[in-house]
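Welcome! Please take a look at the model below, and then let us walk through the surroundings of its ligand and the spaces inside it.

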Amino acid sequence: MARVLSCIQPTGEVHLGNYLGALRNWVSGQHENDVFHGIVDLHALTVTETPNVLGNQTLSLAAMLFAVGLDPAVATVFVQSHLPQHSQLAWIMECTVSFGELSRMTQFKDKAAKREADFVSAGLFTYPALQAADILLYDAHEVPVGDDQRQHIEITRDIAIRFNHRFGDTFVLPKAVTPKAGARVMDLQNPENKMSKSASGDAGIVYLLDDPASIERKFKRAVTDSDNEVRYDRTTKPGVSNLLEILATATNRTPEAVADAYTQYGPLKADTGAAVAEMLRPIRERHAELVNDRAELARLIRLGDERAEAVAAATLARAQAAIGFLPR
Ligand code: TRP
């Protein structure tokens, strides 16, 4: 069984694009691999300045990961800040990566530019060192990531190679893998763009915790086109094709088969909204149950934290011994 690590930041609410594009695959992957899922709140701190938000977002995200079907008996779901090893190894990583290497990270350049007059923390710059720690602590063989994160996995490999060369073989070299293709869910208002929390407004984004009425309303108002023909063609009919793909995924069919069943946009929108509302109902209910049963949710998180910490502590000790710090 391969050890696979995926991490997610507790920033913003989980939406349909996250679910159909990634989380659903996490759930099916949990029986094929030894999976670790970190809620990386320390990473979120690079862009969070308001007190008392990270904890609640972390709690809600943890509930969501269990609600969509991660099984605590097989999947290790942990909270990054609960494990001091992440911060401890991150410093060692910072001393194993160069200023020049970090300066070449395109994500840093993008994020720093977008923050314009906002505070750009040093943590935003050293972020890849913390991410390297996340990955190397778990001897992860595979890290499924989108294209925007490939450079961070490459730098993690470079850091591991350099560390192993300097101090002796310590870390497993991870590799970036392309996640099993999930559905590519587009914004309902701007179907040329991926559904994403950085997109303009909420009208085009379906959140997993939206109530059925708002879900159906968002689909009814989805942007389509004016030629009134139901056909699956991502290039010339992005809006209609997005609806077809979502309905196909929700009902286990192909978008082409779904297209054959419709001649008008109205019923397609209504059925897609209804199918998505139905698909999300049990997730929303389970999420509410868990958030209202703090003791149970805390128990599940603790279970993951403890399993993760056993692995992380052993790896950190190995790295410290390889460096040859004076044992305390
Ligand atoms: N940087 C990742 C993102 O923005 C999140 C992340 C942090 C991560 N640590 C990780 C992803 C370790 C994979 C492995 O999406």
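Around the ligand sit Leu5, Cys7, Gln9, Val40, His43, Tyr127, Gln131, Asp134, Ile135, Val143 and Gln149, where a residue counts as near if one of its heavy atoms lies within 4 Å of the molecule. This is a predicted model, in which local features need pLDDT of at least 70, side-chain atom pairs count only at pLDDT 80 or more, and totals for chains, interfaces and linings use all residues. Residues are numbered from 1 along each chain as its sequence is written, and side-chain values use heavy atoms, with hydrogens and water left out.

**The ligand and its shell**

| Side chain | Ligand atom | Distance |
|---|---|---|
| Tyr127 | nitrogen | 2.7 Å |
| Asp134 | nitrogen | 2.6 Å |
| Gln149 | nitrogen | 3.0 Å |

The protein buries 88% of the 370 Å² that the ligand exposes when taken alone; such areas come from the Shrake-Rupley method with a 1.4 Å probe. Strand S1 (3–8) and H7 are the elements that give two or more residues to this shell, and H7 provides the largest share, four residues. Helices (H or I, at least four residues) and strands (E, at least two) are DSSP runs, numbered from the N terminus. Sorted by class, the shell has six nonpolar, four polar and one charged residues. In this sorting, Ala, Val, Leu, Ile, Met, Phe, Trp, Tyr, Cys and Pro are nonpolar, Asp, Glu, Lys and Arg are charged, and the others, Gly among them, are polar.

**A pocket and a cavity**

Both kinds of space are found on a 1 Å grid over the protein atoms alone: a cavity is a set of points where a 1.4 Å probe fits but cannot get out, while a pocket is an open set with protein on both sides within 12 Å along at least five of seven lines, and lining residues have an atom within 4 Å of a point. A volume is the space filled by probe spheres set on the points, which are joined across faces, edges and corners.

The second largest pocket holds about 200 Å³ of space. Its lining includes Leu42, Ser87, Glu94 and Tyr127. Helix H4 (84–94) and helix H7 (122–137) each supply at least two lining residues, and the largest share, five residues, comes from H7.

**Aromatic pairs**

The structure holds six aromatic pairs, meaning rings of Phe, Tyr and Trp (its six-membered ring) with centres within 6.5 Å; planes under 30 degrees apart count as stacked, over 60 as edge-to-face and the rest as tilted. The pair of Phe36 and Tyr138 is tilted, because the ring centres are 5.3 Å apart and the planes lie at 40 degrees. Phe36 is in strand S2 (residues 34–39) and Tyr138 is in the loop between H7 and strand S4 (142–144), so this pair ties together parts that are 102 residues apart in sequence.

Conventions. Polar contact = N/O pair within 3.5 Å; in protein donor to acceptor, adjacent residues only side chain to side chain.
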